[in-house]
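Me: Hello! Could you walk me through this model, beginning with the ligand and then turning to the sheet and a helix pair?

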Amino acid sequence: MGVTATYLFPTHLEQEKIAEQHALGLTIGSWTDIPHLEQQQLKHHKGEVVSVEKGEVKDMVKIFYPSANYSADLPAIFTTVYGKLSFFEGYELIDLDFGKQLLAQFPGPRFGTKGIREQLNVMDRPLLKAIFKGVMGRDLSFFSGQLEELLAGGVDLIKDDEILFENELTPFYKRITTAKDIIDRHYEQTGNRALYAVNLSGRTNELHDKAEQAAALGANALLFNVHAYGLDALQTLRENNNIALPIVAHSALSGVLAGQAGGGFSYSLLVGKLTRLIGGDLSLFPSPYGNVAISRFDALAINEALIEDNGFEKTFAVPSAGIHPGMVPQLLKDFGDNLVVNAGGGIFGHPDGPTQGAKAFRAAIDASVKQISLEEAAKTSEPLKRAIDQWGVVESV
Ligand code: 1AE
């Protein structure tokens, strides 16, 4: 019982020896020989090198850590498997395999892709999510107007910008009640549901009270900057049954923890596998195409980790940043059609405003699902035509 960590270590002729030193050092050993180490201790607590695979630049090393060494929570597991190693340049932690018992300690998404689709009653196409832009420094009437325009354009979900925090003009609780009224009215008028993910922010010790209050006021989703707080903070929110709302996990700040040449986590582990295990219903991360981009390899690996069969609900991939309607066919090609298409500037920057911006996306999504080219679809959709005139179509590769 325990966890097996997979690492990439800078290549070394005597990697087996190095790996063994780390396996000992990260568990019961130290830099000196410890004379009173007992056989019993070694047996129950020592890390075991499982394998060493030599590569050209990096060697892949797997080390098993017995569960007797740590409690069943990510802070303890991270500290065990990567605490001291994280200071070594070029040492990457790319995967964690949890034993069955440990895996069962994770909650996984409360709703997942299936539950979110059921809430929205949209089963047959990618979902469209809008990011509020330009709300900072504006008041609730501006916020309301933006929300109404987005709903009129056919968005399924709306999220706060991750950089919108508590402020006097659009206070957290007022945003929730204002959005609830508008979304409820929209549902009565059109039969279409929508989720609004309000940015849950503030000091860590306030989060649960705020989220419970948000749920009581009728919030129907939360946005959470999970890497600013740490993964365990999201897990505790997911496990609180007084909250029970879909959680959009934003990847802001994960760039310093993952994808660094000097070491760090792999994106697929941090933003994919672990974000899903701790309960993110949606995982938002940079796509490979936009203005804030990660590699195609990393983005696809995140997606794979969010949806692979592992007994947990699936998490929606939300590849983001600089997304416009001309990218929709490529998004579907890369991530499949069970995804969330997410845009801020690509909706609000439409030449005819956010309602037309959202309509352009909906037309692009419908066309892509039917495998109709955007150029063809634009013949019957003026909003899409205007968007393509502005941003073009990203060639499918
Ligand atoms: C990867 C972060 C993307 C994000 O949060 C965001 O706000 C994107 O905005 P747009 O779509 O690039 O305007």
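**Ligand, sheet and helices**

Reply: Gladly: an N or O atom in the side chain of Lys133 is 2.9 Å from an oxygen atom of the ligand, where a polar contact is a pair of N or O atoms within 3.5 Å. This is a predicted model in which local features need pLDDT of at least 70 and side-chain atom pairs pLDDT 80 or more, while totals for chains, interfaces and linings use all residues. Residues are numbered from 1 along each chain as its sequence is written, and side-chain values use heavy atoms, leaving out hydrogens and water.

Me: In what order do the five strands of the open sheet lie?

Reply: Strands are DSSP runs of E with at least two residues, helices are runs of H or I with at least four, and both are numbered from the N terminus. Two strands pair if DSSP finds at least two bridges between them. The edge strands, each pairing on one side only, are E2 (48-53) and E10 (263-265). With mixed pairing, the order is E2-E3-E1-E4-E10.

Me: How many bridges pair E1 with E3?

Reply: Ala5 has Ile63 in E3 as its bridge partner, and Thr4 has Phe64. E1 (residues 2-10) and E3 (residues 58-66) run antiparallel, and their bridges number nine.

Me: Which residue in E3 stands opposite Ser51?

Reply: E2 and E3 form a hairpin with four residues between them. These antiparallel strands are joined by five bridges. Opposite Ser51 stands Lys62.

Me: How far apart are the axes of H6 and H7?

Reply: Two packed helices are described by the angle between their axes and the distance between the axes. Axes are lines fitted to C-alpha atoms, for helices over the stretch in contact (heavy atoms within 4.5 Å), and angles run from 0 to 180 degrees between N-to-C directions. Residues of H6 including Phe143 and Leu147 meet a set in H7 that includes Ile182 and Ile183. H6 (residues 140-153) and H7 (residues 172-190) pack at about 30 degrees, and their axes are separated by 10 Å.

How values were computed: Polar contact = N/O pair within 3.5 Å; in protein donor to acceptor, adjacent residues only side chain to side chain.
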